[in-house]
Amino acid sequence: MKIGFIGAGKVGFSLGRYFAENGIFITGYFSRVLQSATEAARFTKSRAYDSMAELVTDSDVILLTVPDDAIKEVYDQVKAFGISGKQICHCSGAMSVSDAFPDIARYGASGFSIHPLFPISSKYDSFKELGKAFFCIEGSDEFIGVWDELLRKMGNGTKMISSENKAQYNAACAISSNLVCALAAESLSLMEKCGFSQTEALKAFQPLVMSHIKRILAVGPVEALSGPVERNDVGTIRKHIECMESDTDKSMYKAVSMKLIDVAQQKNNGADYSDMIRALR
């Protein structure tokens, strides 16, 4: 299998190096900026292409590692070069294969997506941890099993999902990672008002956050839940809301806490949270 990349950003760099180190042949990279393709090719010991058509010709699999809003545009260019018998892949967690490549069967090609549940934040370092990543795969029945087996042999966990579930899947990923950053930012802001520097606050939070995350991953959110919502401490919740200055921060706190009531009711079956609900409205 020969894989070519269109797009030489963090995802292209990281997947290319990760695949190469696991014995998969990388033909090379094409990018609108030749210097980016050259840099990625050097990093993966492959080739920098100045012609998209030539990369498509040389590759069995073409990975479109471009921003989500560019995937369809790039695919429209790729399919003009003759893609019969080839696999076209994107790495979006939100876009389905049918949305990205709606007419791919007409060109005799197969479409699929692979999405690592992993924050790829560094072009040069993220590949080192991709062996821990879980991948979700979606697309053509002809090759989806091949990629499932390939990724499993590389040590990755996998799950095949349907196109219809792609939006829910991506929302789940965003909530568990991106949205946590908003909660962390508010926590740091409150700690800074207590006299902590950001460095001090992050250091102080580390054992709290890491211990709780480990607990959630071990037993699930219901059993891991503690704190004022779980123990039905309405007075403390009111104090929390009062100390927040902006309506946005208050609304965020109330919305998340309302969801926590659902979790708390599962843990404490029969408990009356009606006063808590009124405090959060």
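The model is predicted. Its largest nonpolar core has 30 residues, and another core, of 22 residues, lies apart from it. Strand β4 pairs with β1 and with β5, and the structure holds zero disulfides.

**Strand pairing**

- β1 and β4 run parallel and are joined by four bridges; across this pairing, Ile 6 stands opposite Leu 64 in β4.
- β4 also pairs in the parallel sense with β5 (residues 87–90), again over four bridges.
- β4, α4 and β5 together form a right-handed β-α-β unit.

**Side-chain directions in β4 and β5**

- In β4, Val 61 and Leu 63 point one way, while Ile 62 and Leu 64 point the other way; all are buried.
- In β5, Gln 87 and Cys 89 point one way, while Ile 88 and His 90 point the other way; all are buried.

**Nonpolar cores**

- In the core of 30 residues, the members that touch the most other members are Ile 3, Phe 5, Leu 15, Phe 19, Leu 63, Ile 114 and Trp 147.
- Elements giving two or more residues to this core include the strands β1 (2–6), β2 (25–30), β4 (61–64), β6 (110–116) and β7 (134–139).
- Helices α1 (10–21), α2 (34–44) and α6 (141–153) also give two or more residues each.
- Phe 19 is in contact with Ile 3, Phe 5, Ile 24, Ile 26, Leu 63, Ile 114, Trp 147, Leu 151 and Met 154, leaving aside neighbours within four places in sequence.
- The separate core of 22 residues has Tyr 49, Met 52, Leu 55 and Met 95 among its members.

**Thr 65**

- Thr 65 lies in the loop between β4 and α4 (71–78).
- Thr 65 has a relative accessible area of 9% and is therefore buried, the cut-off being under 20%.
- A polar atom of the Thr 65 side chain lies 2.8 Å from the backbone oxygen of Gly 7.
- Not counting residues up to four places away in sequence, Thr 65 touches Phe 5, Ile 6, Gly 7, Ala 8, Val 11, Gly 12 and Cys 91.

**Cysteines**

- There are zero disulfides in the structure.
- The closest cysteine sulfur to that of Cys 173 is in Cys 136, at 6.6 Å, which is too far for a bond because a disulfide needs sulfur atoms within 2.5 Å.
- Cys 173 is buried, with a relative accessible area of 13%.
- Cys 181 is in no disulfide either, and the nearest cysteine sulfur, that of Cys 173, is 14 Å away.
- Cys 181 is exposed, with a relative accessible area of 54%.

Notes:
Residues are numbered from 1 along each chain as its sequence is written. This is a predicted model: local features need pLDDT of at least 70, side-chain atom pairs count only at pLDDT 80 or more; totals for chains, interfaces and linings use all residues. Side-chain values use heavy atoms; hydrogens and water are left out. A nonpolar core is a set of buried Ala, Val, Leu, Ile, Met, Phe, Trp, Tyr and Cys residues joined through side-chain atoms within 4.5 Å. Buried means under 20% relative accessible area, exposed over 50%, partly exposed in between (1.4 Å probe, protein chains only). Contact means heavy atoms within 4.5 Å. A polar contact is a pair of N or O atoms within 3.5 Å; within protein, one must be able to donate a hydrogen and the other to accept it, and residues adjacent in sequence count only if both atoms are side-chain atoms. Two strands pair if DSSP finds at least two bridges between them. A crossover is right-handed if, with the strands pointing away from the viewer, the path from the first strand over the helix to the second runs clockwise.
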